[in-house]
Amino acid sequence: MSAVPTSSAAALVRPAIAGIDGYVPGEQPQAGKWIKLNTNENPYAPSPAVARALAATAAGRTLAKYPDPMANAFRRRAAEVLGVEPDWIICGNGSDDLLTILVRSFVGEGQCLRMPYPSYILYRTLAGIQGAACEEVHYQRDWSLGDDFAAPRDDLRLAIIANPNSPSGTLLPPARVAELADRLACAVVVDEAYGDFSDTNCLGLVRDNPRVIVSRSFSKSYALAGLRFGFAVAQPAVIEQLLKVKDSYNCDTLSIAAATAAIDDQAWLAENRAKIIATRRRLTDALRGLGYDALESQANFVWCTHPTRPHKPIYEALKANGILIRSMNYAGWGDGLRITVGTDDEIDAFLACLKTI
Ligand SMILES: *Cc1c(COP(=O)(O)O)cnc(C)c1O
């Protein structure tokens, strides 16, 4: 059997698919001993309640049956924690699944998705899969977002703002997001993958504006990146539409049980958050002490640039020493380094190595 050449496979798929580069996630080495500060995972173990829920769910015949398509156990518990009703929540296989559901729901071929730049590049890929345009509105130099983000455009169907943003770790005040959302005629997704690490969030906006949808992830603040669970909050009439687009069983029985146990343990979340924020402070100050321009972060990572030295060789030198960070280069914008807040020991090892470079 001869393999199909790349060119003819490209002719088989939709032109929109042939025309895009796939999204490339950060390095996930599956072997070797790395200090991994490159994809914003939580460095600590999740709440012990998660392992108990997984063990209890794996025993017996539970896994022989399909999962609850609505993940109602999670919705009920999350609704109590967040102060909404269960029908304001839709669950997903990680928040990337929710982003896929949202883009598929709102943006069709020939229409437009708007995002700030630089931000989470996956939004552009998701627009590309739809055969839609992606309009990137540059952040101002101080990482605020100008009124041009709310400029009218006939084919505009969806705007997505990561808040806190990646790679900057900066936060637009909820009042500013509300202002932009009020001016926009389309749906507005606030991607709060890092929302548990910030001082404020945009959850309150969902009540006042039916076009606002907030998404959350269990990958960062709940230390469950390997589990794949996320959810979005919107008004029930919007949730009803989104439910039509999701896969019937997009969350499995194990992840629903684990995420329910995790959100139930708010004491764990508060303690973990405090540890991350303390280490974030120390990392930011240390980077500044070494001559880097490090931004104040509202997330579990720190974005920095060096005024004179090229960034890529710094990343390479750290990697040669078993330490992975992220070297980011945004076309038409610039480059820099993004460092995940690890344990204190990991950050000490990173800083010790950085000093020798
Ligand atoms: C990590 C991340 C996500 C994806 O989260 P998952 O729940 O792991 O799919 C979404 N948005 C942003 C901005 C992220 O950094």
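The model is predicted.

Start at the ligand. The residues around the ligand are G94, S95, D96, Y120, D191, A193, Y194, S217, S219, K220 and R228. By class, this shell divides into 3 nonpolar, 4 polar and 4 charged residues. For Y194, the distance from a polar side-chain atom to an oxygen atom of the ligand is 2.6 Å. For S217, the corresponding distance is 2.7 Å. For K220, a polar side-chain atom lies 3.1 Å from a ligand oxygen. Taken alone, the ligand exposes 380 Å², and the protein buries 92% of that area.

Stay with the shell and look at R228. This residue sits in the loop between β7 and β8 (230-233). R228 is not a glycine, yet its phi is positive, at about 70°. Its relative accessible area is 28%, so R228 is partly exposed.

Now step to strand β7. R216 lies in this strand, which covers residues 212-217. R216 has a relative accessible area of 7%, so it counts as buried.

Next come the rings. The structure holds 15 aromatic pairs. One of them joins Y23 and Y120 in an edge-to-face arrangement, with 5.8 Å from centre to centre and 80° between the planes. An angle over 60 degrees is what makes a pair edge-to-face. The two partners are distant in the chain. Y23 belongs to the loop between α2 (15-18) and β1 (35-36), while Y120 belongs to the loop between β3 (112-117) and α6 (122-130). They are 97 residues apart. Y23 counts as partly exposed because its relative accessibility is 30%. Y120 also leads back to the ligand, as one of the residues around it.

A second pair is formed by W143 and W333. Their ring centres are 5.2 Å apart and their planes meet at 55°, so this pair is tilted. W143 is in the loop between β4 (133-138) and β5 (156-162), and W333 is in the loop between β12 (326-330) and β13 (334-340). The pair therefore ties together parts that are 190 residues apart in sequence. Both tryptophans belong to one aromatic cluster, together with Y117, Y139, W303 and Y330.

Which backbone angle of W143 deserves a look? Its phi is near 65°, a positive value in a residue other than glycine. Is W143 buried or exposed? W143 is buried, because its relative accessible area is 9%.

Two rings have a charge over the face. K275 lies over the face of Y44, at 4.0 Å from the ring centre. R338 lies over the face of F301, at 5.4 Å from the ring centre.

Finish with the cis peptide bonds. The bond from N163 to P164 is cis, with omega near 0°. S166 and P167 are also joined by a cis peptide bond, where omega is about 20°. P164 is placed in the loop between β5 and α7 (174-183). P167 lies in the loop between β5 and α7 as well.

Conventions
Residues numbered from 1 in each chain as written. Heavy atoms only, no water. Phe/Tyr/Trp six-rings, centres within 6.5 Å; stacked < 30°, edge-to-face > 60°. Helix = DSSP H or I, 4+ residues; strand = E, 2+ residues; numbered from the N terminus. Buried < 20%, exposed > 50% of the residue type's maximum accessible area, 1.4 Å probe, protein only. Lys NZ or Arg CZ within 6 Å of the ring centre and 35° of its normal. Near = heavy atom within 4 Å. Polar contact = N/O pair within 3.5 Å; in protein donor to acceptor, adjacent residues only side chain to side chain. Areas by Shrake-Rupley, 256 points an atom, 1.4 Å probe, with all protein chains shown as cover. Nonpolar A, V, L, I, M, F, W, Y, C, P; charged D, E, K, R; others polar.
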